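Good morning, colleagues. Please take a moment to look at the sequence and the structure on the screen, and I shall then go through some of the elements in turn.

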Amino acid sequence: MGEIVSYSVVDGVAVVTIDNPPVNAMDRGVRAGLQKTFSDLKGRSDVKAIVLGCAGRTFVAGADIKEFDTGIAPPGFHEVLRLVEDSACPVVAAVHGTALGAGTELALSCHYRVADKTARFGLPELSLGIIPGAGGTQRLPRVVTLAHALDMILSGKPVAAPAARDMGLVDAIIDGDLMTGAVAFARNLVAKGAGPRRTREQPAKGAENADSLLEEKRKQVAKTMRNRQSPLALLDALKAAARLPFDEGLKVESDLSAKLEQATESRALRHLFFAEREVRKIPSIPASVQPRPITHVGIVGAGTMGGGIAMSFANIGVPVTVLDAKQEFLDTGFGRMRGNYERSVTRGSLKPEQADQRMGLIKPTLDAAKLGEADLIIEAVFENMALKKDIFRTLDKVARPGAILGTNTSTLDIGEIGAVTSRPQDVVGLHFFSPAHVMPLLEIVQTDKTAPDVLATALDVAKNIRKVGVVAKNSYGFIGNRMMDPYAREAEHCLLEGATPEQVDGALQDFGMAMGILAVFDLAGVEVGPSTRRERRHLLPKDPGYYRCSDMLVEKGWFGQKTGRGYYRYDNPGHKRTPDAEAAEMFWEEGKRLGVARRNPDRREIQERCFFSMINEGALLLEEGVALRAGDIDVVYASGYGFPRYRGGPMFYADTIGLKVIHDRLLEFKRTLDPQYWTPAPLLAKLAADGSTFAQWDAGRQ
Ligand code: 3H9
């Protein structure tokens, strides 16, 4: 193996190369290599300029995120980057791929930056609960304006090379071979007699308005990044950049970083970063298994779901054929898809010709035989077993041999659906979340017949359509909806006990959920839950209060937003959610009638009942093997159910408060609430007794 950091000198220009696959993360090896290289180069009078670039697919994509768990080993980032910046001859960063986090910070400590056309620069640290801690908060606003620096770091979105050049982050975009162009750029600097241009010696740009700008952002962050500490720390660090000399600002950055790295917020977000990558690793898929190629997709059902799924494939250039039973259904569905694309054009996120091109990839049909050319067919009709079986019988006739047959069911038994075909090994659950072209989660449901290469293909498909695919075993509600059941059951039951919908949803939102569950039901249609429960009436708990409030709303025809009333009212001119005293009263009266004790649960009790019952169900899923890892559950909840990422998902959250605490609270609820719901799952009880965590349980199974 070659050196992680190497260099060669040709005619007075040293070319330094970092080679640390897969993404050139700036781990201890890279830092030590840079330290040695720049120390060597310092002593070479024949070197007149230095070009710093990376081998492989990208420039440095950041610090090694794993290192935060153990603490950053020496040499530290500041020390190494200072050495680079101190170079007596000009240093040019040559950037390709994505310079992220410490990658952008390394480029900022170079004196000049050139990039190839497709390079991007980003500081995504807030998504990991930290701030750019390798001098980025102090150097970036000395290269671009404070306003640009704020936008880049708060959004975390990488900036493409042309925009980076416009804001002064990039000096030149190189056409053709990057390193050749970068060396020519460096020679030109030498020829012009241009010396080092040290970022730290520049004044902060646009700092005159710092106070008002930072105050405005502080207000914005309080609303849009609730309960988070890293965005506020960022504003403090940028204030230091605007007001203090570089070294003092750097000290502020270091102190803030040290605190953030240890905080739960960052540990939670780092956990999700790795969990989202771990989900792709399925031990039952042998390494030799090759995914099947997917070049054409068929969709059955042009409804909201089918349309969203079709768009997900068209967005990556895969042709799609959409089948429905009637021309009017196709017309409505295609109108909806076109409308979605048009909205993207209006927002400026898509060019009109891109929208046309994507729409052009989606073809309607009334003839099932047209699905014969598809490599993957996804059924997305409403939840009805008889209908789905009929469709799969047809698909079995028309699909080509080897085509994968997916169902978007969210609750039905996929084994039973697959059993009507002659090829159950090709049948898999592909549970998308609405709106399917936007939501990043795909639950991939494996029956006991699903072939390993079908599973591997589904995981590949998820990655290609830019979703995170999580494998679940076939079981009612899979991972997400199964854990939703106790969570929403408790939320609902609190209404019978004297809480109002606003109190219940408020408690869940205060915890950090994107929306309260009752508002979600109003949005999705209150009738959806009762209609799925009807299909499994014989399996439901013997409890007259079980989802009684939704049943009452459905009996009254109050289906939520679409009817103007549900848990809330929507009958004002803007159809905004407003409290409905009549509904709240109706729930309490029903509680009285059913003999439910009026507990008036407070915020803490609402949160504990909802989340602890959800976590307990998660522990059962792990024991039953429905979910492979606690981390998989966390990914499902953070990407599909609005669970706050900064809490790491329900199972990580459970670890942070302690499984013993949860276990004991479950037993207390067993004494004071309906005992049938509160028996701790055996796995939870065992881990609690051992003083262990779900993370340790995951690690022990690798
Ligand atoms: C930072 O820089 C802090 C500093 O400001 C301050 C320091 C004091 N570290 O995503 P992929 C692994 S914070 C460790 O599948 P892609 C990843 O786990 C950092 N490992 O590839 C995976 O491993 P495996 C700021 C990392 O092509 C493999 O590489 N930077 C790191 O879809 C391939 O990754 C970021 O937040 C890392 N930094 O996407 C960028 N990055 O194969 C984080 C990747 O075993 N990275 N791995 O599962 C990314 O966004 C994407 O990986 C990237 C490539 C876009 C680069």
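I begin with a pair of strands: β5 and strand β7, residues 120-122, pair in the parallel sense over three bridges. Two strands are said to pair if DSSP finds at least two bridges between them. Helices (H or I, at least four residues) and strands (E, at least two) are DSSP runs, numbered from the N terminus.

Before I continue, a word on the source. This is a predicted model, in which local features need pLDDT of at least 70 and side-chain atom pairs count only at pLDDT 80 or more, while totals for chains, interfaces and linings use all residues. Residues are numbered from 1 along each chain as its sequence is written, and side-chain values use heavy atoms, with hydrogens and water left out.

Returning to the pair, Leu 100 stands opposite Gly 122 in β7. The open sheet here has three strands in the order β5-β7-β8, with mixed pairing. β5 (98-100) and β8 (159-160) stand at the edges with a single partner strand each, so one side of each has no neighbour in the sheet.

Across β5 and β7 lies helix α4, residues 102-109, which runs at about 90° to β5. Angles run from 0 to 180 degrees between N-to-C directions, and axes are lines fitted to C-alpha atoms, for helices over the stretch in contact. Contact itself means heavy atoms within 4.5 Å. Is α4 covered or exposed? α4 is mostly covered, since eight of its eight residues are buried; buried means under 20% relative accessible area, exposed over 50% and partly exposed in between, with a 1.4 Å probe and protein chains only. Among the buried residues of α4 are Glu 105 and Leu 108.Leu 108 leads us to helix α5, where Val 143 is found. Not counting residues up to four places away in sequence, Val 143 touches Leu 108, Arg 113, Met 167, Gly 168, Leu 169, Thr 199 and Lys 205. Val 143 is buried, with a relative accessible area of 6%.

Helix α5 (residues 136-143) also packs with helix α11 (residues 246-262), at an angle of about 135° and with the axes 8 Å apart. The two helices are therefore oblique to each other: angles under 35 degrees count as roughly parallel, over 145 as roughly antiparallel, 65 to 115 as roughly perpendicular and the rest as oblique. On the α5 side, the contact includes Arg 139 and Arg 142, and on the α11 side it includes Phe 246 and Glu 253.

I turn now to another sheet. This open sheet of eight strands has the order β12-β11-β10-β13-β14-β15-β16-β17, and its pairing is mixed. Its edge strands, β12 (362-365) and β17 (468-473), each pair on one side only.

Within this sheet, β14 pairs in the parallel sense with strand β13 (residues 376-379) over four bridges, and with strand β15 (residues 427-432), also in the parallel sense, over three bridges. Ile 377 stands opposite Leu 405, and Gly 406 stands opposite Val 428. From β14 (residues 404-407), Ile 404 and Gly 406 point one way and Leu 405 and Thr 407 the other, and all are buried.

Finally, Lys 389 lies in helix α16, residues 385-398. Is Lys 389 buried or exposed? At 19% relative accessibility, Lys 389 counts as buried. The side chain of Lys 389 makes a polar contact with the side chain of Glu 416 at 2.8 Å. A polar contact is a pair of N or O atoms within 3.5 Å; within protein, one must be able to donate a hydrogen and the other to accept it, and residues adjacent in sequence count only if both atoms are side-chain atoms.
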